[in-house]
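Colleague: Please take one part of this predicted model and go through it closely. Start with how the chains meet, then stay with a single chain.

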Amino acid sequence: MSPAKKKTNTEDYLRMYRQMVRIRSFEDNANQLYLSAKMPGLTHMYSGEEAVAVGICEALTDNDRITSTHRGHGHCVAKGAEFKEMFCELLGKEEGYCRGKGGSMHIADQSHGNLGANAIVGGSMGIATGAALTSKYLGRDDVAVCFFGDGATAQGLMYEAMNMAALWKLPVIYACENNGYSEYTKTEEIAAGSIIARAQAFGIEAHQVDGQDVLAVNALAQRLVDRARKGEGPFFIELMTYRYHGHHVGDINREYYRSKEEERDWKENRDPIIRFRSWLVEEGLASEAEIEAINAEVKKDAAEAVEYALNAKYPDPSEVDMHVFTDVKHALA
Amino acid sequence: MRNITLSQAVNEALAEEMRRDETVFILGEDVAEAGTPFKVLSGLVEEFGTDRVIDTPISEPGFMGIAVGAAMTGTRPVVDLMFGDFIFLIMDQLCNQAAKTHYMSGGKLNVPLVVRTNLGATRRSAAQHSQSLHALVAHIPGLKVALPSSAYEAKGLMKTAIRDNNPVVIFEDKLMYNDKAPVPEEEYLIPFGVANIKREGSDITLIATSSMVQVCEAAADILAAEGISAEVIDPRTIVPLDEEALLKSARKTSRVIVVDEGHQSYGITGEIASRINEKAFYHLDAPVLRMGAMDVPVPFTPALEDLTVPTADAVAANARKLVSGEMIHAA
Amino acid sequence: MPHEVIMPALGMAQDTGLLVAWLKAPGDAVAVGDVLFEVETDKSTMEVEAQADGFLTDVSAKAGEDIPVGQVIAMISQTPDVTASAPASAAPPAAASDIPEGQIVIMPALGMAQDTGLIVAWHKAPGDAVTPSDILFEVETDKSTMEVEAGFEGFVAALLAEAGEEAPVGETIAVISTAKPANPVQRSRAKGTPAPAPATPAASTASKPATPATPAKSKPTPAQPVATDGRILASPKARRLALEQGLDLSRLIAAGHPQPYRVSDLEVLKALPTATPAGAAIAASRHLVAHIASDGFAEFARWAADAAGQKDPGALLAGLVAGSSGKAHVVAVERFGQIQTYTASANLRAAALSDDAPELLIRDLRGSRIATVRMGAETTPVLTIASAPEGFTITLECAEHQLGASEAITLLSNFAGRMEQPLRHLL
């Protein structure tokens with residue numbers, strides 16, 4: 001465990017633990033919904049990367065904005081979203097965060113500052129940077145965090161956005177979740193040179209951190225967020241992490257690009273939840289029984305939300321041409 | 001009423017809106033001290049400073065994306081895209097992000113931004129600085145598209161665009177920046193989706209956009225001398241489109257030519273002609289004709305470039321055929 | 001609460017999974033993460049883990065079966081006993097318990113984006129012996145009709161859908177057993193009810209379909225484009241106004257006015273003299289009137305309907321004209337505003353509806369107030385029947401070139417005579 005300064009507030013630690021378990025539980029249920037053919041379409045699992053989203057989002061407020069990715073359930077939960085609206089969205093139901101119009105890959109929750117998941121790899125680099133521009137333009141101290149994967153470092157937009165963010169000293173943090181794979185290809189096969197050096201070339205302060213260590217991620221995030229609020233941004237973080245599932249839930253047979261041994265090693269020896277749990281117990285911040293109670297409570301919440309979403313109603317057909325424009329109720333009428 | 005140039009009209013619209021609403025700002029290449037290559041924005045940086053008239057690097061996708069994020073979070077950016085041809089560079093941010101955000105979020109997120117750019121050939125600028133690409137964006141649900149045809153429209157439509165809560169793309173005719181037209185001193189807005197009957201007529205309707213409105217007015221003059229009364233209608237915005245006004249005129253004259261500077265195939269002219277065919281068929285006394293730019297990249301040499309766009313003479317010649325009842329197989 | 005064990009969706013475009021083997025037996029204790037069974041998809045073989053702790057019960061699928069994704073194949077229960085009611089939600093009709101044991105034949109996926117297949121015909125009957133290469137049935141998809149082989153050696157133990165029914169891809173539609181079945185099953189998929197199976201299984205005859213084949217794919221041939229010859233070329237607006245104002249655009253053709261017609265041409269049309277069309281095509285017309293004191297036709301029509309089964313007065317009129325003319329065989333009859341064309345001859349029963357261009361028109365105006373007509377020549381000779389104070393009048397109008405003077409007189413005389421005494425026609 002990292003030598004992160006022990007927080008005085010046990011509640012904060014337990015909330016971080018609970019948020020990580022909520023992400024894992026959400027993904028386990030989403031995976032089951034897919035496997036049992038109850039969920040339309042595909043989805044991309046965040047399992048294994050929980051410490052990244054939770055470590056960073058726990059350093060943010062609802063006024064701070066994030067942009068998310070196709071692997072975005074973790075960011076959404078960590079930023080404060082509710083299970084019920086999330087499962088409804090995954091199942092295309094009217095009560096979903098986007099009334100079923102976005103789905104897994106476009107889930108957005110602006111009430112907690114989540115500007116939405118983006119299904120174009122690297123597509124939100126400009127959006128997060130723009131949110132930071134608003135913050136600076138309006139004289140606020142809000143920070144924007146741009147979550148993206150190692151694969152997005154191959155998109156030109158990232159360099160254009162980082163260049164302007166550095167020129168204009170915008171309060172944006174680029175959070176590169178390096179899970180080792182760009183879809184079905186090893187990152188080392190698609191990224192030449194160093195990833196943090198890309199940001200450093202623009203004069204952006206860049207850090208690499210163990211993305212499986214929630215305390216280390218959170219400590220770094222707290223520090224950088226505070227500095228960004230003071231106008232010292234932008235910053236860049238490369239978070240070394242791992243995705244337990246394939247690129248998406250249908251990517252089952254993946255031994256041609258990575259071995260089962262490798263997957264087992266990450267799951268058994270570097271799992272962010274197991275690591276944090278044992279730290280909490282060792283430090284005497286929670287008993288095994290208390291931890292189990294949290295787990296059971298989250299599991300129950302998730303099961304109830306799934307049940308609710310399965311029975312929730314779909315949007316009315318008349319919604320199909322609503323929300324095309326803000327000022328036209330039915331675009332095709 | 002005073003006469004001012006289209007450049008001045010756009011400049012006034014931006015200045016008025018920036019004074020009215022502090023969340024409005026401009027970003028783009030060489031917009032501040034340079035005032036753009038066409039000098040449309042000259043003077044704005046002096047009044048509003050570089051915080052609100054922001055020079056960007058030559059990074060169209062980057063500053064377009066930044067504008068989308070800024071618009072989603074409480075400001076009203078006006079993106080200056082130096083040439084309409086560069087719209088290909090910003091397609092993902094404009095069409096996948098800005099256009100879809102309101103819908104994908106179930107109506108929870110808005111993207112109130114304006115992209116102001118231009119169209120129009122015959123400036124001897126060759127194939128990558130002469131295109132009229134408004135049909136590309138008009139095809140994407142979620143984007144509004146305005147095509148001012150004079151200084152008056154340029155000001156009124158720009159002010160409406162800035163106040164709109166949706167992404168709006170305005171294409172100005174870059175050959176018209178120095179053309180003067182009467183523009184009121186007092187403030188006015190031009191609502192979207194309201195066509196303007198530039199000239200009333202009874203024998204044939206010429207539906208014209210942007211640069212082609214002048215061309216069709218000249219064609220109407222030629223025809224008038226021959227005793228043919230042509231009505232010229234400018235839709236002013238193609239999304240939303242004032243379909244009813246166009247149909248009404250079609251029903252009145254029974255003959256229609258649609259003229260637009262975009263490439264003729266798969267373009268605005270085909271869309272409008274098709275709607276008239278579907279909804280005013282039994283009022284048509286002749287086939288609806290399309291006249292667009294030739295389906296070729298815009299050539300550099302004046303000897304060829306001038307052949308690629310519709311002219312007043314060509315419009316008049318087609319109008320004559322329709323009115324005389326000549327068998328039309330192709331325009 | 002028992003936890004359902006479901007055939008998972010593993011690939012991107014997978015409808016079914018082949019259950020390779022169970023690694024737990026019914027009644028076994030299982031824990032989360034234990035491998036329950038192996039599934040083979042198009043891509044690979046995968047192990048599927050238990051998602052709950054408990055005992056494996058209610059195993060409803062066997063190794064070797066292809067199972068639709070989402071179907072419940074077992075339960076994980078609190079006790080090792082079989083639960084009282086197995087979940088029925090996802091079980092298709094084919095999974096019902098009265099199906100004989102054997103190799104399962106499913107509706108195959110034949111196209112790229114195919115969800116169902118239409119069974120065109122069964123080539124084997126229940127009880128028939130089959131070899132793997134025997135054609136078992138024909139399937140129609142959006143693209144084509146395909147023959148499907150049995151794939152197994154044995155006997156047709158069950159046919160679970162009828163010819164003409166559509167079945168989802170992956171659904172079991174037949175069972176082939178190793179032993180000759182005692183009670184082969186045959187039923188309809190839709191109703192799930194048994195269809196009458198042959199009392200004694202028919203001998204294996206590969207060519208004999210079990211049920212009458214539904215016509216496979218008789219897609220209607222697209223309508224032939226109408227030849228432009230003879231069509232009137234006019235603008236949509238000109239056509240609409242002509243219709244609204246009762247103007248006949250064909251008169252412009254007859255007048256030699258050049259096409260296409262536009263609204264302005266309607267003024268030319270209105271200016272044409274009504275009786276004598278302008279132009280040289282039909283320069284003059286013949287106008288002959290006959291008067292008949294007593295109407296014999298009405299009674300004749302009743303007799304024909306009762307005695308001869310000819311209930312269409314129009315057909316009778318057409319036959320009488322054909323008999324009168326000896327020349328015209330395609331006759332149009334206009335009654336009460338409706339025009340019906342017949343191929344007619346002197347044999348009144350032989351009159352039949354026709355699409356050919358008429359050679360002569362009968363206009364029956366007896367239902368109207370019109371007493372005399374002078375319409376001018378039309379595209380064919382026209383016989384107009386109108387009511388008179390006593391009996392009725394028959395007017396023949398035609399162009400000179402259509403009928404010679406004596407031909408016209410003969411036609412009208414003959415027809416008037418037949419209308420007065422229809423029985424003369426039969427003599």
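Modeller: Two residues count as in contact when their C-beta atoms, placed from the backbone, lie within 7 Å. On that basis, 12 residues of chain C touch 8 residues of chain A. The chain C side of this contact has 7 nonpolar, 4 polar and 1 charged residues.

Now chain B and its sheet. The sheet is open, with 7 strands and mixed pairing. Its order is β3-β2-β4-β5-β7-β6-β12. β3 (53-55) and β12 (237-239) of chain B are the edge strands, each pairing on one side only. Neighbouring strands are turned by 20° against each other on average, direction ignored.

Helix α1(B) (residues 6-20) touches β2, β4 (76-80) and β7 (168-173) of chain B. Its direction makes about 130° with that of β2(B). Helix α6(B) (residues 151-163) touches β2, β4, β5 (114-119), β6 (144-146) and β7 of chain B. The direction of α6(B) makes about 165° with that of β7(B).

One helix pair in chain B remains. α3(B) (residues 60-72) and α4(B) (residues 91-104) pack at about 10°, axes 9 Å apart. Angles under 35 degrees count as roughly parallel, so α3(B) is roughly parallel to α4(B). From α3(B) come B:Pro61, B:Met64, B:Gly65, B:Val68 and B:Met72. They meet residues of α4(B) including B:Leu94, B:Gln97, B:Ala98 and B:Thr101. By class, this contact has 6 nonpolar, 4 polar and 1 charged residues.

How values were computed:
Residues are numbered from 1 along each chain as its sequence is written. Chains are lettered from A and ligands numbered from 1 in the order in which they are written. This is a predicted model: local features need pLDDT of at least 70, side-chain atom pairs count only at pLDDT 80 or more; totals for chains, interfaces and linings use all residues. Ala, Val, Leu, Ile, Met, Phe, Trp, Tyr, Cys and Pro count as nonpolar, Asp, Glu, Lys and Arg as charged, and the others, Gly among them, as polar. Axes are lines fitted to C-alpha atoms, for helices over the stretch in contact, and angles run from 0 to 180 degrees between N-to-C directions. Helices (H or I, at least four residues) and strands (E, at least two) are DSSP runs, numbered from the N terminus. Angles under 35 degrees count as roughly parallel, over 145 as roughly antiparallel, 65 to 115 as roughly perpendicular and the rest as oblique. Two strands pair if DSSP finds at least two bridges between them.
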